[in-house]
Amino acid sequence: MTYLLPRAFIVMIGWGITCALITNIWPRVDPTIFVIAGVSWALAGLVCFGYMHKLRAAAQDQRSRS
């Protein structure tokens with residue numbers, strides 16, 4: 001849980017900033033746009049933090065071999 005919570009918080013901040021920018025640019029926005037923005041942030045977070053986790057695991061494996 002300590003691994004997941006900070007990363008979810010980072011993704012939520014990014015989504016919130018994106019939604020604020022969208023609202024400032026287009027005052028009347030279809031709510032579907034916010035869902036699309038949220039899904040794209042969730043997927044980007046999953047890919048980014050998953051890759052970072054994979055790199056960290058590989059680095060620990062490399063250290064344990066030497």
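His53 is partly exposed, because its relative accessible area is 42%; partly exposed means between the cut-offs for buried, under 20% relative accessible area, and exposed, over 50%, with a 1.4 Å probe and protein chains only. I start with that residue, and then go through the helices.

First, the background. This is a predicted model, in which local features need pLDDT of at least 70, side-chain atom pairs count only at pLDDT 80 or more, and totals for chains, interfaces and linings use all residues. Residues are numbered from 1 along each chain as its sequence is written, and side-chain values use heavy atoms, with hydrogens and water left out.

Back to His53, which belongs to helix 2. Helices here are DSSP runs of H or I with at least four residues, and strands are runs of E with at least two, numbered from the N terminus. Between His53 and Tyr3 there are 50 residues of sequence separation, and their C-alpha atoms are 9.8 Å apart in space.

Now helix 2 as a whole. How far apart are its end C-alpha atoms? They are 51 Å apart, which agrees with the 51 Å that the 35 residues of helix 2, residues 31-65, should span at 1.5 Å a residue. The expected span is 1.5 Å times one less than the number of residues.

Which residues of helix 2 are buried? Ala37, Gly38, Gly45 and Phe49 are. The buried residues of helix 2 pack against helix 1, where contact means heavy atoms within 4.5 Å. Val47, also in helix 2, is exposed, because its relative accessible area is 60%.

Next, helix 1, which covers residues 4-25 and includes Arg7. Arg7 is buried and has no salt bridge. A salt bridge is a side-chain nitrogen of Lys or Arg within 4 Å of a carboxyl oxygen of Asp or Glu. For Arg7, the nearest side chain of opposite charge is Asp61, 19 Å away; Lys and Arg count as positive, Asp and Glu as negative, and His and the chain ends are not counted. Leaving out residues up to four places away in sequence, Arg7 touches Phe49 and Arg56.

Met12 is partly exposed because its relative accessibility is 48%, and Ile13 is partly exposed because its value is 41%. The C-alpha atom of Met12 is 14 Å from that of Cys48, 36 residues away along the chain.

Ile13 also takes part in a nonpolar surface patch of about 660 Å², together with Phe9, Ile17, Leu21, Ile25 and Trp26. Patches are made of residues with over 30% relative accessible area and no salt bridge; like charges are joined within 9 Å, and nonpolar side chains (Val, Leu, Ile, Met, Phe, Trp, Tyr) within 5 Å. The areas come from the Shrake-Rupley method with a 1.4 Å probe, and for residues only the protein chains shown count as cover.

Between helix 1 and helix 2 there is a loop, and Val29 is found in it. Val29 is partly exposed, because its relative accessible area is 21%. Not counting residues up to four places away in sequence, Val29 touches Ile22 and Phe34.

Last, charge pairing. Side chains of opposite charge can pair when their charged atoms come close. How many salt bridges does the structure hold? It holds one. The side chains of Asp61 and Arg65 form a salt bridge, at 3.5 Å from N to O. Asp61 and Arg65 are four residues apart in helix 2, so they are separated by about one helical turn. Asp61 is partly exposed, because its relative accessibility is 37%, while Arg65 is exposed, because its value is 66%.
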